[in-house]
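Visitor: I am new to this protein and would like to learn how to read it. Could we look at it together, feature by feature?

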Amino acid sequence: MKKLLLMFAAVGVLFTACNKETDHNNVKHDHSADIVGTWTCLTADYAEALIINADGSAVSYGVENGEYWENVRGSVIVDGDNITMNFEDNDNLTGHFDIIPGQVFSLYEDSGERYIYQYCANDLADEIIGMWIRQDSGDMTIQTFAEDGTLTTTASVSEIHPDELVQQVSKYKVVGDLRFHIFLEETIEHDRCLPARLTYTPNGTAYGDIMSITYNVPTGDDFVTTTSSFLRVKNNLNLAGKKYAYSSAYVTNANGKDENFSILGQNFNITNIDGGDFDMIFGADLYSLVLNANSITHKFRPNGQDVEVATPITVDGNKVTLDMSAINPACRKVEMFMFQDADDSQLHIYMHTKAFINYFVNLGIPDLISEGKLDPTDAAAVDKVYADMEARIESINVSFVFKARK
């Protein structure tokens, strides 16, 4: 079987204590029932999920140095604290072990090496089915897990594709709390696999289920552990009759000219823009959205005046096209993405570079017209307004979070 070498000092002390007690009493315990279950391990270049059945049969899933295997069958024989594991791929083990039932067991090969497995009480294969969104920054990542083992990842990669989301279809396998993400790329010789440990928390926040994905990323001779948190969202939008108020904004990949510009009376500079800048114009008491299946009504108060603008929308899954040109011919359409949590209590809106430019230039067009600074019938003048903003902003990703209101 495939194994993982870890050095857990605290566990080692406990196991040593257990061994001393066993030697002192000279009692041979039967651990054959204790070792039954699903056991998982994860390190920088190695991961395994090991299922041991009550009849001594076993199945192994794992990855080592990017090479993935699954459904490797074998047997486990336990005699006191001695253990023998034989597998059909001839990767076998003999030695002894210590165990904390329901928590962890430690294998010792005859060569002296030690391997640690954590007990996994729940299998998460069914729990993670559906769509999840990461929005702890302005970079958006959506992962959709299908029942057939297909994983669709949609993400913003601004340095490569600043004006669009990049989508990748791959495979996955979940055993216990380990997820094996199997990449199918024609540019590499073999399938590559990225293992990760999952932590699933149903109703982990007021907005629904949370899934945390922990990776060990190699860095030279060492590795760095990183964790990303995802919120479960719905695959399709339920917009009719919903009202949302602005809550917060997240900005990443902001690059461009060191030059001030104004949006609805608020000054911005792409070189130091952050989410807090949007609080000034989208504060919950100033800006809200009233949604319907075919339109969005923006409510806000520029210069202390109440303004409502109803704009037609087209919805395709989670992509929403805001047709602001239908209200003002000088404006442009905006393609953005929206997501709702399980009970529609939170709305996420993501804009990439092109969407951000079009949306915020659109917001400023009415003021330019009313101040006599723009003739909406002068196509060249209108195009220059957008071109000026495009010249300022090389790239930007912005995620807006709205909370439901009555």
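Guide: Gladly. Let us begin with a strand, β7, which has cover on both of its faces: Val 104, Ser 106 and Tyr 108 are buried on one side, and Phe 105, Leu 107 and Glu 109 are buried on the other. Please keep in mind that this is a predicted model.

Visitor: How many residues of β7 are buried?

Guide: Six of its six residues, counting along 104–109. The word "buried" here means under 20% relative accessible area.

Visitor: Which way does β6 run relative to β7, parallel or antiparallel?

Guide: Antiparallel: six bridges join β6 (residues 93–100) to β7.

Visitor: What pairing does β7 have with β8?

Guide: Strand β8 (residues 114–120) pairs with β7 in the antiparallel sense, over five bridges. Here Tyr 108 stands opposite Arg 114 of β8. This hairpin has four residues between its strands, and Gly 112 takes a positive phi near 105 degrees.

Visitor: What caps the N-terminal end of α2?

Guide: That is Asp 274, with a side-chain oxygen 3.0 Å from the backbone nitrogen of Gly 276.

Visitor: Let us turn to charged side chains. How many salt bridges are there?

Guide: The count comes to eleven, taking a side-chain nitrogen of Lys or Arg within 4 Å of a carboxyl oxygen of Asp or Glu. One of them brings together Arg 192 and Glu 67, at 3.1 Å from N to O. That pair links distant parts of the chain, 125 residues apart: Arg 192 belongs to strand β14 (residues 192–205) and Glu 67 to strand β4 (residues 67–79). Arg 192 is partly exposed at 36% relative accessibility, and Glu 67 is partly exposed at 37%.

Visitor: Are Asp 209 and Arg 232 buried or exposed?

Guide: Both are buried. Their side chains meet in a salt bridge of 2.9 Å, N to O. Asp 209 sits in strand β15 (residues 208–219) and Arg 232 in strand β16 (residues 222–233), 23 residues apart.

Visitor: Which residue forms a salt bridge with Arg 332?

Guide: Asp 383, with the closest N and O atoms 3.5 Å apart. Arg 332 lies in the loop between β23 (319–323) and β24 (333–340), while Asp 383 is in helix α4 (residues 379–392), so the pair ties together parts 51 residues apart in sequence. Arg 332 is partly exposed, with 27% relative accessible area, and Asp 383 is partly exposed too, with 42%.

Visitor: What do salt bridges that share partners do?

Guide: They join Lys 234, Lys 242 and Asp 344 into one network.

Conventions:
Residues are numbered from 1 along each chain as its sequence is written. This is a predicted model: local features need pLDDT of at least 70, side-chain atom pairs count only at pLDDT 80 or more; totals for chains, interfaces and linings use all residues. Side-chain values use heavy atoms; hydrogens and water are left out. A polar contact is a pair of N or O atoms within 3.5 Å; within protein, one must be able to donate a hydrogen and the other to accept it, and residues adjacent in sequence count only if both atoms are side-chain atoms. Helices (H or I, at least four residues) and strands (E, at least two) are DSSP runs, numbered from the N terminus. Buried means under 20% relative accessible area, exposed over 50%, partly exposed in between (1.4 Å probe, protein chains only). Two strands pair if DSSP finds at least two bridges between them.
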